[in-house]
Amino acid sequence: MRKKIIIGNWKMYKTMKEAEEFLNEFNKQTSGKTFNCDYGVAASFTNLGILKGKRKDNFLIAAQNCHDQEQGAFTGEIATGMLEELDVSYVLIGHSERREYFNETNENINRKLKWIFGNSKILPILCCGETLAQYQNQETNKVIEEQINSALKDLSAENISKLVIAYEPIWAIGTGKSSSSQVAQAVCSQIRNIITNLYSKEIADKVRIQYGGSVKPDNIKTFLSQPDIDGALVGSASLKVADFINLLN
Ligand code: PGA
């Protein structure tokens, strides 16, 4: 049985003060409570130290990006070693906003995955998904196949078994229009088949696949009840403590 994993994606939201208030309130409201899933948030770099200082128990710290080298003259970038010092255990790789606004390519994403698996204890959450035009032209399967195949190029089976993949149709991100759970299930099942073909069924059965795109407390159950959906990557609904707790419940 794969354990569900629910990660909030705070994107470029929350000052340190706001992040601290969130954690204080979250800790208060969840005191003595346990959740039946892995959970945490992917926060901006300035908030990672706050999370490290304030988080309780199993709250996972994730980053939203990292570079593919140990260190160097890469202004504005961050290294996995720096993230490890902040107890970061997951990092989002290839989020559609990174691909769209910061020109990240499938090749960049493959280099990052290789670096992370080869050189750090952090685990990647590989994001993939099609645009609205691709969806309307029925190119979803082709796009996903391309994104997964090139992201995983030259990665070992052992690495892949620890990978988390987030399927996020771009037209569903921040739009309030989520995919139907059946369509999301079909794509997540396709992703698992791609991994079966590249590696083996045994490896594919270990990979956790999240759905993302307008996941809210009132629709999360329909997604998580699908056989190939093992969690959610949640943007706006992770920003408020009450919503986030409802998602985890
Ligand atoms: P959303 O964002 O939940 O606000 O649609 C999801 C994401 O970008 O990961």
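Reply: Strand E4 (residues 88–93) and E5 run parallel and are joined by four bridges; strands pair if DSSP finds at least two bridges between them. Strands (E, at least two residues) and helices (H or I, at least four) are DSSP runs numbered from the N terminus. This is a predicted model, in which local features need pLDDT of at least 70, side-chain atom pairs count only at pLDDT 80 or more, and totals for chains, interfaces and linings use all residues. Residues are numbered from 1 along each chain as its sequence is written, and side-chain values use heavy atoms, without hydrogens and water.

Me: Which residue stands opposite Leu123 in E5?

Reply: Tyr90 stands opposite Leu123.

Me: Which helix lies across E4 and E5?

Reply: Contact means heavy atoms within 4.5 Å. Helix H5 (residues 106–119) lies across both strands, at about 165° to E5; angles run from 0 to 180 degrees between N-to-C directions of axes fitted to C-alpha atoms, for helices over the stretch in contact.

Me: How is a cavity read, and which residues line the largest cavity?

Reply: Rolling a probe the size of a water molecule over the atoms shows where empty space is left. On a 1 Å grid over the protein atoms alone, a cavity is a set of points where a 1.4 Å probe fits but cannot get out, and lining residues have an atom within 4 Å of a point. The lining here includes Gly94, His95, Arg99, Cys127 and Glu168. Helix H4 (96–101) and strand E5 (123–128) each supply at least two lining residues.

Terms used:
1 Å grid on protein atoms, 1.4 Å probe; cavity = no way out; pocket = protein on both sides within 12 Å on 5 of 7 lines; lining within 4 Å.
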